[in-house]
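Thanks for coming. I will go through one structure, starting with a single helix and then moving out to the chains.

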Number of protein chains: 6
Amino acid sequence: MSKTFNEIVLEHLDEAAKKVNLDPDCYVRMKQPERELKVSIPVRMDDGHVDVFTGYRVQHSTSRGPCKGGIRYHPDVTLDEVKALAMLMTWKCAVVNIPYGGAKGAVRCNPMEMSESELVRLTRRYTVMIMPIIGRQKDIPAPDVGTDEDTMGWMMDTVSMFQGQTVLDMVTGKPVSLGGSLGRREATGRGVMICTLEILKKFGKDISATTVAVQGFGNVGSVAADLLAEKGCKVVAVGDVTGGYYNPKGLDIKGMIEHATKHPFKLLEGYECNGTSRISNEELLTLDVDVLAPCALERQIVKRNAADVRAKFIVAGANGPVSRMAREYFRTKGL
Amino acid sequence: MSKTFNEIVLEHLDEAAKKVNLDPDCYVRMKQPERELKVSIPVRMDDGHVDVFTGYRVQHSTSRGPCKGGIRYHPDVTLDEVKALAMLMTWKCAVVNIPYGGAKGAVRCNPMEMSESELVRLTRRYTVMIMPIIGRQKDIPAPDVGTDEDTMGWMMDTVSMFQGQTVLDMVTGKPVSLGGSLGRREATGRGVMICTLEILKKFGKDISATTVAVQGFGNVGSVAADLLAEKGCKVVAVGDVTGGYYNPKGLDIKGMIEHATKHPFKLLEGYECNGTSRISNEELLTLDVDVLAPCALERQIVKRNAADVRAKFIVAGANGPVSRMAREYFRTKGL
Amino acid sequence: MSKTFNEIVLEHLDEAAKKVNLDPDCYVRMKQPERELKVSIPVRMDDGHVDVFTGYRVQHSTSRGPCKGGIRYHPDVTLDEVKALAMLMTWKCAVVNIPYGGAKGAVRCNPMEMSESELVRLTRRYTVMIMPIIGRQKDIPAPDVGTDEDTMGWMMDTVSMFQGQTVLDMVTGKPVSLGGSLGRREATGRGVMICTLEILKKFGKDISATTVAVQGFGNVGSVAADLLAEKGCKVVAVGDVTGGYYNPKGLDIKGMIEHATKHPFKLLEGYECNGTSRISNEELLTLDVDVLAPCALERQIVKRNAADVRAKFIVAGANGPVSRMAREYFRTKGL
Amino acid sequence: MSKTFNEIVLEHLDEAAKKVNLDPDCYVRMKQPERELKVSIPVRMDDGHVDVFTGYRVQHSTSRGPCKGGIRYHPDVTLDEVKALAMLMTWKCAVVNIPYGGAKGAVRCNPMEMSESELVRLTRRYTVMIMPIIGRQKDIPAPDVGTDEDTMGWMMDTVSMFQGQTVLDMVTGKPVSLGGSLGRREATGRGVMICTLEILKKFGKDISATTVAVQGFGNVGSVAADLLAEKGCKVVAVGDVTGGYYNPKGLDIKGMIEHATKHPFKLLEGYECNGTSRISNEELLTLDVDVLAPCALERQIVKRNAADVRAKFIVAGANGPVSRMAREYFRTKGL
Amino acid sequence: MSKTFNEIVLEHLDEAAKKVNLDPDCYVRMKQPERELKVSIPVRMDDGHVDVFTGYRVQHSTSRGPCKGGIRYHPDVTLDEVKALAMLMTWKCAVVNIPYGGAKGAVRCNPMEMSESELVRLTRRYTVMIMPIIGRQKDIPAPDVGTDEDTMGWMMDTVSMFQGQTVLDMVTGKPVSLGGSLGRREATGRGVMICTLEILKKFGKDISATTVAVQGFGNVGSVAADLLAEKGCKVVAVGDVTGGYYNPKGLDIKGMIEHATKHPFKLLEGYECNGTSRISNEELLTLDVDVLAPCALERQIVKRNAADVRAKFIVAGANGPVSRMAREYFRTKGL
Amino acid sequence: MSKTFNEIVLEHLDEAAKKVNLDPDCYVRMKQPERELKVSIPVRMDDGHVDVFTGYRVQHSTSRGPCKGGIRYHPDVTLDEVKALAMLMTWKCAVVNIPYGGAKGAVRCNPMEMSESELVRLTRRYTVMIMPIIGRQKDIPAPDVGTDEDTMGWMMDTVSMFQGQTVLDMVTGKPVSLGGSLGRREATGRGVMICTLEILKKFGKDISATTVAVQGFGNVGSVAADLLAEKGCKVVAVGDVTGGYYNPKGLDIKGMIEHATKHPFKLLEGYECNGTSRISNEELLTLDVDVLAPCALERQIVKRNAADVRAKFIVAGANGPVSRMAREYFRTKGL
């Protein structure tokens with residue numbers, strides 16, 4: 001049976017602990033999260049009946065400061081996955097040396113099949129249930145897969161109503177009009193663009209001669225594709241859950257963004273354009289491009305398909321899209 | 001594979017829901033606890049190294065008022081069991097119509113192998129970790145298997161120190177000298193005695209001719225045995241984890257209590273007395289007595305041994321000592 | 001132009017102040033309430049549009065302790081009326097010497113034309129808006145005209161949710177199942193009955209020969225009528241907003257209560273019975289009975305109709321049903 | 001009968017709502033303030049007796065963040081006026097896009113006839129009465145007509161004493177020595193100067209050839225006059241409640257400020273200077289100047305006197321000094 | 001040099017610790033108070049200038065629960081004395097087994113030379129300064145020498161105003177009209193009477209033949225004298241700071257109380273009555289009476305005058321009126 | 001008998017008050033601290049027994065904002081000294097015009113003879129005891145003699161644990177990794193260097209020809225010496241509690257720092273170097289150097305040794321190292 005995501009993340013911890021000769025008293029505390037909270041979220045659905053959803057908030061470590069981490073709405077989300085992502089957040093914060101620890105939250109639901117008012121009620125109730133352990137100096141949520149700045153706005157409004165005052169600092173990633181940060185939405189995608197350009201510079205590549213494939217066309221992927229195209233790269237492929245879109249001469253990213261904006265879930269579904277053909281997401285990952293930017297979910301490039309990847313550079317925009325085995329493989333191959 | 005405790009408890013819920021034609025919107029909310037909190041509890045052990053224990057606090061329902069429920073220290077405790085016990089607490093409170101909901105807590109540890117100072121550190125840290133969700137109007141812990149009034153005193157002291165004031169109402173079952181209730185320690189055992197006498201009265205039995213076997217010799221069993229003997233019953237058998245003790249002429253309960261008091265874990269280990277022989281706990285349950293009072297753990301009389309029980313009356317002092325299958329069996333037999 | 005209710009109440013204050021030679025520094029503080037809070041209450045109605053209702057909470061005095069006073073839902077409620085009622089509450093509390101001051105709240109709405117879910121949303125939002133100034137040690141609401149124990153339950157639940165804990169003591173008159181007091185619902189009506197019997201005793205009247213007319217058939221009037229009938233009085237007339245019901249041989253009060261219970265707004269509308277005829281509410285007040293118990297709204301017996309009242313005794317179950325001019329008239333007449 | 005200030009402001013809202021086709025659910029919420037709090041303020045006067053003053057705090061909207069708005073001490077202040085000003089604050093904050101909503105407070109009193117110690121006691125008690133609804137994240141007062149930085153210092157000190165700690169962020173416009181902002185006192189007057197210069201630039205006017213009349217010589221008017229004179233404008237007229245002062249060759253503003261500073265209420269009363277003659281405030285508004293800067297109270301240029309205004313530009317330093325009718329008139333005239 | 005009060009109290013502790021073989025870790029913690037807070041209390045006096053008074057609040061022990069102890073206003077009060085009295089309070093609470101620890105407060109001032117308004121301002125400011133460490137679950141003040149129920153009312157009002165709600169439970173000994181306990185004022189004096197009667201009963205003495213001298217005529221002494229006289233004792237002498245009053249046939253206690261009530265400081269000054277002569281306080285202590293009840297201050301019967309005491313029984317109504325040396329002397333003499 | 005430190009500081013206050021003609025109402029409030037808190041700190045020592053230490057926190061003034069001041073661990077610390085230092089902090093904050101008042105804390109203990117775990121327990125308990133009066137808006141501790149950034153980290157962690165959240169702003173001088181300020185540790189020493197260079201510039205001295213003696217080699221002295229050497233001065237003498245070190249050609253400051261870093265208490269003990277001889281601390285103060293920088297404790301240059309000081313400039317890095325008499329002496333001498 002294959003390992004769970006958390007088991008894999010723990011292997012990384014073991015590997016690192018061994019390398020830095022980590023104090024056992026410290027190691028044993030880092031192996032598991034400080035708090036795992038699981039909550040029942042009764043929601044009256046639009047048809048009048050009550051559904052009870054399951055929500056999580058896992059806080060891995062508060063040793064370096066308050067926790068920080070996104071909230072995921074996904075039908076297949078598991079506690080195992082949330083624990084793994086919370087631990088990764090601790091490491092991310094530590095690596096960039098900001099005074100925060102790692103957390104992650106999730107609700108097991110399918111936001112694509114729920115109405116906005118159902119999502120509002122779900123989010124408000126979930127917020128109430130985890131309220132005792134979040135806050136500016138405790139744990140600060142943020143958007144993740146399946147949630148966005150509206151979700152954060154609903155969370156902020158719930159906390160503000162409950163406290164009878166405006167509470168801006170209990171969540172990041174909220175709408176700019178409610179005090180969110182300018183540039184926040186594009187930050188991850190912009191990071192992908194900046195890293196890509198830095199790599200090209202380091203290896204003396206010509207930007208305008210560089211071909212790019214981007215997996216994912218949400219907040220991260222669409223911005224990364226857009227900014228890379230603006231900088232002169234030839235973005236030849238992008239994809240989302242509706243499949244991949246390929247144009248060897250470069251895609252019309254701005255047009256694709258405009259198309260997705262009109263789609264109820266901001267998908268590329270139905271996008272057509274001269275010169276642009278459809279490919280599968282699997283094909284996208286193995287295109288013969290200079291740069292492959294996986295900007296969707298974790299564990300896309302794994303042992304199984306690592307050998308097929310033909311891109312010269314992989315720039316990761318998602319959380320852990322390249323598995324440890326795949327990295328091992330690339331390392332062995334001297335890549 | 002046998003059912004878990006929680007699965008069995010859920011079967012009871014299903015059965016009851018069907019009988020009262022429970023509103024589905026209500027049923028779906030009662031099926032799972034409102035909150036499950038799992039915490040990591042790092043404790044510096046007396047030898048200097050750090051152990052990380054796992055603790056739980058499960059709140060099943062706050063619909064009728066704050067939660068109420070014990071805290072169990074046991075090496076085999078599972079989340080499944082804690083969830084089942086929390087739900088049972090909701091029902092117990094509702095049945096006696098007090099305005100509380102059900103909760104349960106636990107720490108996976110072996111209190112018999114830990115020093116007092118380790119237990120103090122464990123309890124203080126566990127209290128700190130669950131502090132955001134407990135309190136007078138939220139959830140009020142109490143002692144359970146493996147914890148006692150000292151544990152409650154440590155919890156109360158931890159909360160009092162953190163608040164900088166004396167907080168009496170966050171825990172029940174604390175020492176009388178710290179504001180605990182008189183008679184609290186003996187309450188469950190006294191209840192067993194009262195129920196037994198009421199049953200005997202109803203069925204016109206002579207108290208002095210009644211033989212009793214008590215499983216368990218802790219807070220519940222020893223008090224029940226003692227009070228029943230005081231009232232004139234012939235307590236012919238008692239038992240604890242060290243096995244059963246049998247005297248067809250009636251045991252010297254006061255002497256046995258005195259013996260247990262001196263034992264480090266208040267066990268009967270090593271007790272000897274003329275006329276008293278040793279039996280197994282399994283034998284104790286099937287003795288030919290008038291009253292069998294299981295006062296130890298849950299699920300002692302189950303499908304497997306129900307047919308062997310010879311007692312005329314079973315008076316339950318533990319939480320759920322008779323399984324649903326066993327009850328079904330007795331019902332079928334017209335017992 | 002006729003005087004407002006508050007102007008009349010202030011005249012009472014002036015009169016009393018003169019009699020007790022009240023210190024002017026004290027008098028000037030008692031003339032107006034300490035705080036008047038007016039709030040906008042946006043409510044999404046069942047048809048989807050938003051209505052904005054106006055709510056009030058007036059606190060007349062906190063000199064003797066926290067405030068206490070009901071919450072009225074009525075389409076014609078005015079700030080003037082709420083201020084008058086708040087001041088009356090101060091005096092009521094002082095007269096019976098309980099350590100509370102007076103307050104009153106209201107929402108301008110017609111609860112008879114709103115669905116329960118609209119009323120729930122209205123009540124929850126109103127509670128949130130006045131939350132900063134209410135609470136166990138500040139000001140404790142209660143039911144009044146147009147609100148009942150359900151309203152109080154919704155208020156209590158709103159505060160409990162906002163605090164994340166069970167808050168019992170922020171409201172009186174809540175359902176018994178949520179911690180309300182036994183006998184609370186019948187208390188005012190029972191008081192009318194007790195006062196009536198005391199008066200009859202004082203004046204040596206025979207209970208069974210006493211005829212009674214009761215104005216109002218809500219929480220106060222129906223209980224008063226029922227208990228007076230139980231004690232042996234002949235209740236010959238009762239009335240509510242649907243008019244009066246008269247039977248010189250005595251009404252079947254229990255039957256009328258049963259009838260009202262089935263009515264959507266608990267009214268007598270459509271009640272019929274052999275020997276019972278319909279009269280107007282105006283006629284009811286001037287019946288030739290021994291006891292007239294006005295148990296509806298304030299200012300029913302006023303200058304205009306005082307001379308027509310034929311009852312020997314008036315026992316007031318409402319707040320201020322007899323105007324100052326009417327009392328003056330009775331006094332002049334030596335009544 | 002003429003319209004009230006609030007009625008006029010509501011007409012503006014209607015006009016704007018029509019233009020932007022405002023959602024009715026939104027419009028109905030913006031028409032009235034969220035909260036109106038009216039409080040009684042008993043103050044022991046210097047002669048020993050108690051006066052009870054009436055205070056207000058109206059919060060129009062918290063949709064965009066905490067409320068913000070001044071506190072006015074004036075003998076003629078009305079709730080109508082405070083409501084209008086609170087709504088204007090919501091619009092002002094929204095127009096300059098800062099995350100605040102609008103509020104306004106007032107006490108009906110004549111600060112010019114009260115001693116400082118009476119004002120201190122009045123302010124402290126008023127602060128206590130509105131304390132439950134103000135604060136950094138709720139509603140932040142500021143000075144207005146009749147109040148100044150000292151008033152804000154007393155408010156801040158009251159809140160700080162009550163919390164037992166220094167609370168800087170509950171009020172703006174406090175003394176610089178207590179944490180107030182540098183330049184805050186002069187900000188409005190400086191804005192008048194900047195706007196004037198921008199207008200002159202846009203229309204190609206020569207600054208040194210520009211004549212200016214300033215109505216009001218308080219915090220706004222005196223600073224505006226002073227800075228405009230510094231920049232080279234010829235300030236030919238200023239005025240305060242003691243009337244207008246006119247010098248066609250330009251007034252000695254610095255000298256007038258010096259004079260006013262020595263006056264108990266900082267008025268120009270008694271100011272005399274060669275070449276400077278006295279005019280009425282009404283005359284001041286209709287002087288033949290290039291720029292007229294009304295920096296006193298609202299509604300100075302109205303339908304009645306609009307036709308007489310001869311200034312080429314009106315730069316408003318007060319809140320709403322030009323009425324809607326007057327603006328209508330100017331628009332019609334093509335001005 | 002003579003020992004300080006605290007040194008003497010510490011000797012008692014040493015003596016007791018030796019007798020019960022007190023654990024040194026415990027002893028060392030009981031030797032000094034947990035917290036000593038000294039505060040400066042600036043008060044604007046009636047003549048306009050500011051005096052700065054010194055206040056104390058000493059908390060000796062919170063081991064058994066919140067602290068409890070009076071507040072003394074006296075011109076000669078010292079920190080040493082306050083520490084001693086705080087420790088005595090710990091012992092008093094422990095001896096009667098109530099779950100409180102000991103505290104004591106004081107302000108160095110002469111309440112007899114201050115106006116009521118000065119005392120109000122002093123008390124309010126003192127309350128504010130010690131507010132962080134007092135409260136229902138922390139430390140609960142009470143009246144003592146120089147303070148009374150009015151002082152407690154001012155303290156309660158200060159805390160209530162600061163919290164914006166009625167706070168009854170932060171002080172005992174407040175006026176009955178503000179929630180104080182019935183019988184509280186007379187409690188200590190009644191205790192003196194009860195103890196006296198119990199002693200007389202034990203030694204078979206005839207009440208009506210018993211002569212009594214009471215030192216002190218404040219809350220304790222006047223009540224003790226009054227109740228003892230009511231029970232039939234012959235109270236032959238009482239005294240206050242104005243000296244002693246002696247009548248071998250029994251004093252008219254009710255008349256003396258009436259006299260004192262009219263005195264500005266409730267003293268006996270100027271009391272005259274046939275048969276009643278004046279004696280010194282020193283003489284009072286050595287009268288040949290059956291019972292001597294010292295109900296004034298600590299350390300009245302000391303080594304110096306112990307041999308002169310002729311009373312058969314001493315019933316102490318003050319805190320520590322008999323010194324350790326005096327008790328030693330009586331013990332040696334076999335008394 | 002010589003004056004206490006506080007008496008001397010009060011003399012400075014008197015002198016200053018006279019010069020600025022200070023309002024007596026203000027003066028009388030500045031003469032004594034607002035609050036003096038003395039606490040008992042029981043600590044279980046490593047050998048198992050309990051020691052009770054005495055701690056202080058004195059808050060001199062909150063008139064200009066929250067208090068600010070260090071915490072000193074020293075075996076000889078007295079309340080008198082802590083009061084004096086608290087008052088000096090008020091003046092320091094006022095002189096540099098930051099909105100803070102002065103405070104000081106201390107624990108009477110010898111940190112050099114305690115293990116780290118004992119110090120941790122001492123600091124945690126001391127923090128708990130003073131917690132009610134410290135905090136971001138009340139009083140913010142900092143390191144002083146005998147405490148360092150670790151001590152502040154322990155204090156911050158204690159407060160954070162008690163509040164259940166990360167509390168950064170309750171202490172300054174914490175480790176950079178826990179949110180401390182960059183450059184904080186070196187700030188005082190750097191100030192000494194900057195002042196020295198400014199003086200040299202003003203008097204036209206050549207930096208490279210300037211000789212310097214630094215008393216103290218802790219956080220202040222070692223940094224001052226190091227930076228002055230870096231800037232080109234010839235640092236010929238430094239000293240700490242182990243005595244003075246002298247090299248007329250200039251010391252190797254970096255080498256000395258390296259040596260001290262390895263010493264358990266960061267002392268120079270055992271430092272040896274060619275050309276460097278040992279002198280006494282007394283000799284150090286009287287060396288013939290250009291600049292003498294006393295960077296150790298208060299009152300080093302006093303009446304007794306002032307005449308012997310040969311340095312041309314004294315730059316004070318400690319709190320009050322030059323006594324008032326010494327300054328008087330220098331002034332008289334025209335220095």
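I start in chain E, where α7 (221-230) and β7 (234-240) are among the elements that cover the buried residues of α8(E). Keep in mind that this is a predicted model.

Which residues of helix α8 are the buried ones? The helix runs over residues 253-262 of chain E, and its buried residues are Ile253(E), Met256(E) and Ala260(E). They sit on the same side of α8(E), because the arc they cover around the axis is only 60°. The general rule is that an α-helix has 3.6 residues a turn, so residues three or four places apart point the same way. Now turn the helix over. The other side of α8(E) carries exposed residues: Lys254(E), Gly255(E), Glu258(E), Thr261(E) and Lys262(E).

Next, a residue in chain B. Lys202(B) belongs to helix α6, residues 187-202 of that chain. Is Lys202(B) buried or exposed? Lys202(B) has 8 C-beta neighbours inside 10 Å, so it counts as exposed, the limit for that class being 12 or fewer.

Now chain A, and its domains. The assignment gives domain 1 as 34-178 and domain 2 as 187-332. Taken over C-alpha atoms, the centres of these two domains of chain A are 28 Å apart.

Last, how the chains are arranged. Chain A touches chain F, with seven residues from chain A and five residues from chain F in the contact. The chain A side has two nonpolar, four polar and one charged residues.

What rotation superposes chain A on chain F? The rotation is 121°, with 0.0 Å of shift along its axis and an RMSD of 0.2 Å. That is the relation of a three-fold axis. Within chain A, the C-alpha nearest that axis belongs to Arg136(A), at 9.0 Å.

Some pairs of chains have no contact. Chain A and chain E do not touch, and their nearest C-alpha atoms are 17 Å apart. Chain C and chain F are not in contact either, with their closest C-alpha atoms 17 Å apart.

That is the end of my part.

Definitions and conventions. Residues are numbered from 1 along each chain as its sequence is written. Chains are lettered from A and ligands numbered from 1 in the order in which they are written. This is a predicted model: local features need pLDDT of at least 70, side-chain atom pairs count only at pLDDT 80 or more; totals for chains, interfaces and linings use all residues. Two residues are in contact if their C-beta atoms, placed from the backbone, lie within 7 Å. Ala, Val, Leu, Ile, Met, Phe, Trp, Tyr, Cys and Pro count as nonpolar, Asp, Glu, Lys and Arg as charged, and the others, Gly among them, as polar. Copies are superposed by least squares on the C-alpha atoms of residues with pLDDT of at least 70 in both. Domain bounds come from an automatic or database domain assignment. A residue is buried if 20 or more other C-beta atoms lie within 10 Å of its own, exposed if 12 or fewer, and partly exposed in between; C-beta atoms are placed from the backbone. Helices (H or I, at least four residues) and strands (E, at least two) are DSSP runs, numbered from the N terminus. The arc is that of the directions from the helix axis to the C-beta atoms.
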